[in-house]
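I set out to look up how the nonpolar residues group and how the strands pair. My entries follow the structure.

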Amino acid sequence: MIIKNLIQVGNPLLKQKSKIVKNINSKETQKIIKNLIDSLNYHELVGLASSQIGEKSRIFVTKIDKTPNRNPDEIDKLRIYINPKIIWSSKKEIIIYEGCGSVAYAKFFAPVKRPEKIIIEATDEKGDKFNLKVEGLLSRVIQHEYDHLEGIEFTEKITDMKKIMSSGEYRKMIFAKS
Ligand SMILES: [Zn+2]
């Protein structure tokens, strides 16, 4: 198992656009996928993109595990997205707090506005194409990770700087609401 330190905001690597994956079955691609999964699990994140571990391939992973504060409907299995495309976004946008493993190792949360629902098309680790229509937390995570492939950090999209919170205070707020 190889755990990668996560590249942190301010590093120019996070501003670079990732490149199309040409050979999904190559050892190199499969190694990136494995490193992404191991690092996602180790850092207890809901999503991780290749640029965050110093790679430049259009690949990200998502996995929404059960936590005491999380709505059980939002739990989702591990998914691997290679060369993803967001092919539709709802007109309706909503504000949700986001954090990021590349921003103070997810110890910092802030409100970001994005479309509520999307349809994403991608290829999985076996080379099979799939598409998903998603809303809720998974929609949010996918859009955040997709932005990483475009070289965009969520800190560029914060809607209100006055509402920034530490992860500890953010969790207290969520817990009080549930
Ligand atoms: Zn991120």
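The entries below take the cores and then the strands.

**Entry on the largest core.** I worked from a predicted model. I looked up the largest nonpolar core and found 24 residues in it. L36, L48, I59, F60, V61, Y81 and I142 touch the most other members. Helix 2 gives the largest share, 5 residues.

**Entry on V61.** I listed the contacts of V61, leaving out residues up to four places away in sequence. V61 touches L36, I37, L40, G47, L48, L78, R79 and I80.

**Entry on the second core.** I noted a second, separate core of 6 residues, with V103, F109, A110 and F154 among them.

**Entry on strands 2, 3 and 6.** I checked the pairing of strand 2 with strand 3 and found it antiparallel, over 5 bridges. Within strand 3, D76 is the bridge partner of I64. Strand 3 also pairs with strand 6 in the antiparallel sense, over 5 bridges. I recorded S89 opposite I118 of strand 6.

In what order do the 3 strands of the open sheet lie? I read the order as 4-5-8, with antiparallel pairing. Strand 4 (93–98) and strand 8 (165–166) are the edge strands, each pairing on one side only. Strand 4 and strand 5 (residues 108–115) are joined in the antiparallel sense over 6 bridges. I found I95 opposite K113 of strand 5.

Conventions: Residues are numbered from 1 along each chain as its sequence is written. This is a predicted model: local features need pLDDT of at least 70, side-chain atom pairs count only at pLDDT 80 or more; totals for chains, interfaces and linings use all residues. A nonpolar core is a set of buried Ala, Val, Leu, Ile, Met, Phe, Trp, Tyr and Cys residues joined through C-beta atoms within 7 Å. A residue is buried if 20 or more other C-beta atoms lie within 10 Å of its own, exposed if 12 or fewer, and partly exposed in between; C-beta atoms are placed from the backbone. Helices (H or I, at least four residues) and strands (E, at least two) are DSSP runs, numbered from the N terminus. Two residues are in contact if their C-beta atoms, placed from the backbone, lie within 7 Å. Two strands pair if DSSP finds at least two bridges between them.
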